[in-house]
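I opened a new notebook page for this one. Here is what I looked up, in the order I went through it.

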Amino acid sequence: MKTFSRLSVPYLVWLFMMVLAPMLLIAFYAITDSGNGIINFTFTLKHFAKFFTDRDFLLILWRSLVIAVKTTVICTVIGYPVAYFIAGSSDKVRNALILAITIPMWINMLVRTYAWIGILSDGGPLQRLLEMLGFGSPELMYTEGAVLLGMVYNFIPFMILQINTSLCKMDKSLIEASADLGADKLQTFLRVVFPLSLPGVVSGISLVFLPAVSSFFIPKLLGGGQFFLIGNVIENQFITVGEWNFGSAISMIMAAVMMCSMYLVRRLDLKTEGKVSKARTLPGGRLAS
Amino acid sequence: MKKLLLSAMAVLSAAALSACGGGNEGPYAGQTLHVYNWGEYTGENIIADFEAETGATVVMDNFDSNEQMYIKVANGESFDILVPSDYMIERLIQEDLLQKLDKSKLDCLDLLSDGVKGLPYDPNNDYSVPYFWGTVGIVYDKNVVSEEDLEKEGFNIFKDTKYKGDIYLYDSERDSFMMALKALGYSMNTTSEEELNEAYNWLVECVETMEPEIVTDEIIDNMAQGRKALGLIYSGDAAYVMTENEDMGYFMPETGTNIWSDAMVIPKNAENPELAHEFINFVSSYEGAADNTETVGYTSPNAEVMEEYSSEGGYYYGINAYIPRTGNPNDEVFVYDETTRAIIADLWSRVKVAASNA
């Protein structure tokens, strides 16, 4: 065992250098005031004070959370039926569909978002189509709708794949048992299939919500310069303003927000697991006996 | 980011081109010239022609901001030619990163327009030879915006609620603050925090009442399509817009604007300064300058080319954006000041935050 555990050393070194050290550095920047050097510094909490006493920054944080929640809800509502359909297909069809969902992910997210600029831009194909259908020529780019679309498009595969996995892993005999015991299709879905797939939904939610709340290039590309989310504020502090300390402080606040939401999602997960295990013992237990 | 992708493509295509031209004969055969220039900023034939004439291979990298270029150069990466803007040249000279040009090797200085020669950042053109120059101004739809309003309000037209929801601002702290400071009648190079704060309030009021879209190069195509009535724009981009759409006009407020120029310089650590001088001559010559100005749309520093392209029958005839204004005492060249830059950058990010919440 000891020889094997040594194999993890490169990974630990990597983890320290690429994850832990930068995190510590950000935390350090967030509570000091020294510009970008780390030789002379003084501890301060003024960056946090600056953030929390400014209505504008808080509003942006709020809007980022709202748009991330919207994205997550839309991804779940659209993603679940798709995942359900895929899980119910024959092996061949299922593999093809999974491939179809995965293939776009082989292309860089940035490039795919650029493609949307072309589609949504003024005089672009989507606007022409709407014009032909008699909707006038609404402006599509630089709207909240465009940003939302970009986020849903980019993050929905994570949701579908997660739900699909949990649906596929499900013991099919449970569904048969439910039918044997007289439940109709809707009842089976609501009381057996859906609760069992909840862990997938929950992990899908965290995979969609977390990147959505901190996304900065999607709002930048599809929302324009007047559509700032919290990620853009952070990017701006580092890249153009040069206020690394304040940028780091906002990053820390974001990290805290994310950890809170992870905690909430985990609690949801635990609760559903409780239900699931109950569901498993009842029909499953009878089947086994 | 778009520029980044384009630059990547440009680099690839340059590499491909140079691979083809490998066996060329010429006085500089086998040598390489490293050029670091803005994206979409070179004439279509200029590189190939230069390679054919000299036998050298040109490798071009692109940047999309002076600051991005500065970081590479300051970190010691070697290029033979850079094309930074005025204030950045000033900074590079101050930090001793440029070498003096050998004027005995240059035959192009006499070809330059008077307006672009000996500008304050390099009074004797000891370090730099202009590449393009121009102004910043207002592009407007002549059918929607009255000339009278423009004359009367100048940059304050961006706060005229008649045009609410119908304007583009340019996502650059320097140009936005120039607009606000000039609207208020201050110098664009002010270091007074009071004046900068006033300009900040001007901009916040603008984004909160006018519903502007804050864009960068998208303004070019969108104004060419006439999507909005007003926008803050570089003269060269306006020249392009006006050649595409005759309803568009270009206006420079009497209260002054920014006269800018980008110029070729040779860094201290250049590997092939000899060839770099050759390149500067080539680009500044009639053919090179004409190719550049026709492709890119910015004003040529070559007096003859500018004259020909803007006079009757010329490609930019009747397009006032093509000819930079001279003689208005309120027009200024941007001066670099690190403290002010930091303040403006911070305030501009606050303006965008305010715009997002509006």
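In chain A, of the contacts between residues at least 6 apart in sequence, 72% join residues at least 24 apart; two residues are in contact if their C-beta atoms, placed from the backbone, lie within 7 Å. I noted that this is a predicted model, where local features need pLDDT of at least 70, side-chain atom pairs count only at pLDDT 80 or more, and totals for chains, interfaces and linings use all residues. Residues are numbered from 1 along each chain as its sequence is written, while chains are lettered from A and ligands numbered from 1 in the order in which they are written.

Next I looked up the make-up of chain A: 13 helices and 2 strands. Helices (H or I, at least four residues) and strands (E, at least two) are DSSP runs, numbered from the N terminus. The C-alpha trace of chain A spans about 70 × 70 × 40 Å along its principal axes.

Then I turned to where the chains touch. Chain A gives 19 residues to the contact and chain B gives 20 residues. On the side of chain A that touches chain B, the elements giving two or more residues are α4 (55-88) and α12 (230-241).

Last, I checked helix α2 (residues 46-54) of chain B. Its buried residues (20 or more other C-beta atoms within 10 Å of their own, C-beta atoms placed from the backbone) include B:I46, B:I47, B:F50, B:E51 and B:T54. They line one face of α2(B), because they fall within an arc of 130° seen down its axis; the arc is that of the directions from the helix axis to the C-beta atoms. Just after α2(B), I found B:G55 with a positive phi of about 80°.

Notes: Buried ≥ 20, exposed ≤ 12 C-beta atoms within 10 Å, placed from the backbone.
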